[in-house]
Amino acid sequence: MSVQFPEGFLWGGAVAANQCEGAYNEDGKGWSTQDVAPQGIKGPITEVPTEDNMKLVGIDFYHRYKEDIRLFAEMGFKVFRTSIAWSRIFPNGDELEPNEKGLQFYDDLFDECHKYGIEPLVTLSHYETPLHLSKQYNGWVNRDLIGFYERYARTVFTRYTGKVKYWLTFNEINSILHEPFMSGGIYTPKEQLSKQDLYQAIHHELVASASAVKIGHEIDPEAKIGCMILSMPTYPLTPNPDDVIAAMKSEHMNYFFGDVHARGVYPGYMKRYFRENGIEIHMEPGDAEILKHTVDFISFSYYVSICETGDDSRRNQTEGNLFSGAANPYLEASEWGWQIDPQGLRYVLNMFYDRYQKPLFIVENGLGAKDVLITGEDGVPTVNDDYRIKYLNDHLVQVGEAIEDGIEVMGYTSWGCIDLVSASTAELSKRYGFIYVDRHDDNTGTLERYRKKSFYWYKDVIATNGQSLQR
């Protein structure tokens, strides 16, 4: 039986401005938190941008986007997820007036997408808080960021009305729990950050996100505005009830963000957590009303599942996308230690839809691997990435299963559809793309683009609306 995807399913790919654009100091752009994180989330931050930071050049998408969009169109993309670099629009983040050259760049980018019938799906804040807001205000710990974010959101919603139909407020908003600097621009070192400050910052983000939904709908009633969550399905390591409860508590920490975005109120299990941890969320008058502006759809990333146990002695740690847990003895892992679980994607889709009854959008999924460039039969360099084809095929088959389960899935954008700089390690050798970019961790390379084997595979998947997938 072939996989059935609905008519109008939005096939495409995803990138983030800070991982691909480069041009970190051109056309009035200010510095972002990414410009001082040369080793990604794994390493220390610097006072100023340094040459070893690969994101300063990225893959030079800023100057080469026309070539890249043309390649996406060749694959048949219906949608392209990218982000706006906040510090291109407001270089420090707290200005009253935006930077016109920054606005014009995204005008040109979105126009180029529409030239090929590709809908932009745009993240407002994707791990790139303006550095000034991080240093001077301590990021989202400071309530002032709500107003700065609202001004930014209002500016781009107004500017791109009719050009951008789909918006996301914050990328992987729950990742602030583990990476407060990258995710929330919080300058206080992680180990010195109190739970009180962390959850107050989260409250500020949730209010800002709901406010952006309100503002966006007022400016463009046709716009669809979603949240974006790092999905990390958590299985109990054994049927022991202690493990089941440990898994439930782990899930709650992530569900919390979706619950507020989709339901507009704080759930009871989080109120208990706050009570038991001495956390008192300071709510300003009107916050509760703002939170009721719930999202139109839920989007999420999916890379791995993890296990949890109530027995710390059995906690065999596994690597994951920012979060880690106990290793699942039934799963294999990628080169970076991320366990591969295609069925976990079907599980997540079912759990989210049962919980929220809102359309779902898979906006990140992919396999990071060390690709080897070879000379193809036609003499053109390529990559035989059968491992990536298998990974994506198996996950998309499970998306098809979820659709058969009755889940409303809007679309799928594979992560890093063109090679880019990794968020977690700031390497380019951890490649995700259908398109190979000739740039390397030692800063050598021509930046030339080459189609991988998976490029043609994905083109066929899109052309057949999933019919070519192998069960």
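This is a predicted model: local features need pLDDT of at least 70, side-chain atom pairs count only at pLDDT 80 or more; totals for chains, interfaces and linings use all residues.

User: Which residues does E364 touch?

Analyst: Leaving out residues up to four places away in sequence, E364 touches R81, H126, N171, E172, M228, F300, S301, Y302, Y303, T413 and W415.

User: What makes the pair E364 and R81 a polar contact?

Analyst: The cut-off is a pair of N or O atoms within 3.5 Å, with one able to donate a hydrogen and the other to accept it. The side chains of E364 and R81 are joined at 3.0 Å, so the pair falls within that limit.

User: Which strands make up the barrel, and how are they paired?

Analyst: The closed barrel has eight strands, running β1-β2-β3-β4-β5-β7-β11-β14, and the pairing is parallel. On average, neighbouring strands of this sheet are turned by 25° against each other, direction ignored.

User: How do you know that β3 and β4 pair?

Analyst: Two strands pair if DSSP finds at least two bridges between them. Strand β3 (residues 119–125) and β4 have four bridges in the parallel sense, so they meet that condition. Among the bridge partners, S125 goes with F170 and T123 with L168.

User: What makes β4 and β5 a pair?

Analyst: The rule again asks for at least two bridges. β4 and strand β5 (residues 224–231) have three bridges, in the parallel sense, so they qualify. One of the bridges joins Y166 and K224.

User: Why is β4 described as mostly covered?

Analyst: Strand β4 spans residues 166–170, and five of its five residues are buried.

User: Which helices lie across these strands?

Analyst: Helix α4 (residues 100–115) lies across β2 and β3, running at about 150° to β3. Helix α9 lies across β4, β5 and β7, running at about 170° to β5.

User: How do you know that the buried residues of α10 line one face of the helix?

Analyst: The buried residues of α10 (residues 268–276) are Y269, M270, Y273 and F274. Seen down the axis of α10, these fall within an arc of 145°, so they line one face. Here is the background: an α-helix has 3.6 residues a turn, so residues three or four places apart point the same way.

User: What does that buried side pack against, and what does the face turned away from it carry?

Analyst: The buried residues of α10 pack against α8, α9 and α12. The face turned away from the buried side carries the exposed residues R275 and E276. After α10 comes G278, whose phi is positive, near 65°.

User: Why is L131 called buried?

Analyst: The cut-off is under 20% relative accessible area. L131, found in helix α5 (residues 131–137), has 5%, so L131 is buried as well. Not counting residues up to four places away in sequence, L131 touches W31, S32, T33 and V36.

User: How far apart are L131 and N92 in sequence and in space?

Analyst: L131 and N92 are 39 residues apart in sequence, and 7.0 Å apart in space from C-alpha to C-alpha.

Methods
Residues are numbered from 1 along each chain as its sequence is written. Side-chain values use heavy atoms; hydrogens and water are left out. Contact means heavy atoms within 4.5 Å. Buried means under 20% relative accessible area, exposed over 50%, partly exposed in between (1.4 Å probe, protein chains only). Helices (H or I, at least four residues) and strands (E, at least two) are DSSP runs, numbered from the N terminus. The arc is that of the directions from the helix axis to the C-beta atoms. Axes are lines fitted to C-alpha atoms, for helices over the stretch in contact, and angles run from 0 to 180 degrees between N-to-C directions.
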